[in-house]
Structure formats: C-alpha cells, structure tokens
Amino acid sequence: MTTLHRRTFLKATLGVTAVGVAASAGLLTPTRVLAAEWPKNAFDAKSINDALKDLYGASAATASGSIKIKAPIQAENGAVVPIAVSATLPNVQGLAVFVEKNAQPLVASVALSGAEGYFSARMKMGQTSDVYVVCKAGGKLYSAKQTIKVTVGGCGG
Amino acid sequence: MARQTRMRTKTQDGATEVLVLVSHPMETGQRVDPKTKEKIPAHFIQKLSFTLNGKEVAVVDLGVAVSKDPLVGVKLKGAKAGDKVKVTWSDNKGESNNAEATV
C-alpha cells in the first residue's frame, strides 16, 4: 500500500480511532524510553499508519493548526528538501516527519524531553508527495500536512 | 574514522536553536554503484542525542530519507549563556562521534 491517498488515509485513521481510544491508556505511559533502541520497524514500515502504530502505539491523529511546516512548495532537487517543523501545542513529547510516497515514509522521529517542539532537517523525496508531520502532545496525536512538488527525484540515481 | 561533526547555537527570543552538521554519506541501500552494478550498502545515521548540561533533552531518530551531510536542528528553551550543549550521533555501522558547544 505504497500509494496511500488522502481519502483512504483518512478512512484508515478513522477506522482505528476506537482502537486508539482503547490504547490511549497505554499512550499515557511512555511506550518508548527516550534513549531506547532505534525503532527499526517504524522506519521499515511501508505506510504511515504502520509506522505510527510502531512509534506511538496508535495511528489516529487529529489535524491541528498548531503544527507549522516550513518547507518549499516546490523543491527543485528532491535529494535535498529543507523542512522545519514547529509545534506550539503544550507538552510536546515527540515529532515525526513522513513523506507519503517514499518507499519508507518515516523520515525522522524526535523524542523531546525539555526541548521545544521544533525540528529541522533536509530530506530526500522520490517524487511529488504529501508530507505529514505527526506530533505527540499530552498523550494525543496531532497532524499537519503539506504537499511538496519535486521536479527531480532524490532517490536512486 | 571520526567524521566531522560541527555544532552551532543561536539564541533568539528565549529559545536557543542548535544546528548540527555531520559530514556523512547517508546511503539508503537502494543506490546502485554505476561501475560494479552492485548495490551500495546502507550507511546512515540512526540516532542523534542532544544534552544540555549533561541532561538529555532530545533524541532524534533518522531514517534513510535524510539527505547526506545531515543538518539537524532542534530548539531548546531556558538555555543560558555558558550552558553546554552536546550532541552524540551513531550510525548503523557502529560509527559515532560527538560535538560540544557553549550557548
């Protein structure tokens, strides 16, 4: 399920909301200690939902205007796409960046304990895609997205 | 082989931005060597850990989708001049290095 469209993504997320509520008890206790192992399964996951489940134990995220993505609308070189994410939600515990159409959507995940809800990096994008940012704050997941157009792909070659 | 790791901090409006630049190939494991036609094995940074005065404040897990020579930034709040920020990274081949800077 590499080509996950917005509609199916929303359906899938809505479908697991009930599961998410059930798992929220588990969400409140940190599932991942800060200095834990590198989450291999999450980075190998082929879909955003799978990666989210592995990272945070749930994949139901609410769209939030408090997450700001600073990235170009059009990137000339897919090998280097600068992105900066800031979340002004209270109690930000983690941030994760996904490129929907990359073979492995998870770009980076940040666990915060005392730092602000901010993260910046440069990432590779295979093709034009939606970029999702999921923020974990106060035990809940919030998301934001932006479409980035890529003229030259940054994977392979 | 220690790879060059540089760090810089900038304080603005009470928040300190910490930027880390590591010179690292960040191979995805999907690229093919044009000469030997063999896949170049994956080689990428997996973890960056930031500490402020010895206390861990942020851990960044990176995947193969991060560009080569990664430039990673986080923001710290409440950092004062003279505070020590340290970053330690490690990759999937067991290489690691660290850098230190004073706010």
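At 13% relative accessibility, A:S143 counts as buried, where buried means under 20% relative accessible area, exposed means over 50%, and partly exposed is in between (1.4 Å probe, protein chains only). This is a predicted model, in which local features need pLDDT of at least 70, side-chain atom pairs count only at pLDDT 80 or more, and totals for chains, interfaces and linings use all residues. Residues are numbered from 1 along each chain as its sequence is written, chains are lettered from A and ligands numbered from 1 in the order in which they are written, and side-chain values use heavy atoms, with hydrogens and water left out.

Back to the serine. A:S143 sits in strand β9 of chain A, residues 140-152. Helices (H or I, at least four residues) and strands (E, at least two) are DSSP runs, numbered from the N terminus. What does A:S143 touch, leaving out residues up to four places away in sequence? Its contacts are A:A61, A:T62, A:A63, A:S64, A:I67, A:V133 and A:V134. Contact here means heavy atoms within 4.5 Å.

Now chain A as a whole. Chain A has 4 helices and 9 strands, and along the sequence the order is α-α-α-α-β-β-β-β-β-β-β-β-β. Of its 157 residues, 48% are buried. Take the contacts in chain A between residues at least 6 apart in sequence: 67% of them join residues at least 24 apart.

Next, the interface. In contact are 32 residues of chain A and 34 residues of chain B. The area buried between the two chains is about 2600 Å², and carbon and sulfur atoms give 52% of that. Buried area is the accessible area (1.4 Å probe) that two parts lose on being put together, summed over both. On the chain A side, A:W38, A:R122 and A:K124 lose the most area to chain B, and together they account for 27% of what that side buries.

How many salt bridges does the rule find across the interface of chain A and chain B? The count is 0, taking a salt bridge as a side-chain nitrogen of Lys or Arg within 4 Å of a carboxyl oxygen of Asp or Glu. Polar contacts are another matter: the rule finds 17 residue pairs across the interface, both residues at pLDDT 80 or more. A polar contact is a pair of N or O atoms within 3.5 Å; within protein, one must be able to donate a hydrogen and the other to accept it, and residues adjacent in sequence count only if both atoms are side-chain atoms.

Which elements of chain A give two or more residues to the side that touches chain B? They are β6 (106-112) and β7 (115-123). β7(A) gives the most, with 8 residues. By class, that side of chain A divides into 20 nonpolar, 8 polar and 4 charged residues. For the classes, Ala, Val, Leu, Ile, Met, Phe, Trp, Tyr, Cys and Pro count as nonpolar, Asp, Glu, Lys and Arg as charged, and the others, Gly among them, as polar.

β6(A) deserves a slide of its own. This strand is mostly covered, with 6 of its 7 residues buried. β6(A) pairs with β4 of chain B, residues 55-62, in the antiparallel sense over 5 bridges. Two strands pair if DSSP finds at least two bridges between them. Among the bridge partners, A:S109 goes with B:D61, and A:V110 goes with B:V60. Within chain A, β6(A) also runs antiparallel to β5(A), residues 92-99, joined by 5 bridges. There, A:V97 has A:A108 as its bridge partner. A hairpin of 6 residues joins β5(A) to β6(A).

Most residues other than glycine have a negative phi, and most peptide bonds are trans. A:N91 has a positive phi, near 60 degrees. A:N91 lies in the loop between β4 (81-87) and β5 of chain A and counts as exposed because its relative accessibility is 61%. B:D69 also has a positive phi, near 50 degrees. B:D69 is in the loop between β4 and β5 (71-77) of chain B, and is partly exposed, with a relative accessible area of 31%.

Last, B:A42. Buried or partly exposed? B:A42 counts as partly exposed, at 25% relative accessibility. This alanine is in the loop between β2 (15-22) and β3 (45-52) of chain B. B:A42 touches B:E27, B:T28, B:G29, B:N92 and B:K93, again not counting residues up to four places away in sequence. From B:A42 to B:V87 is 45 residues in sequence and 23 Å in space, C-alpha to C-alpha.
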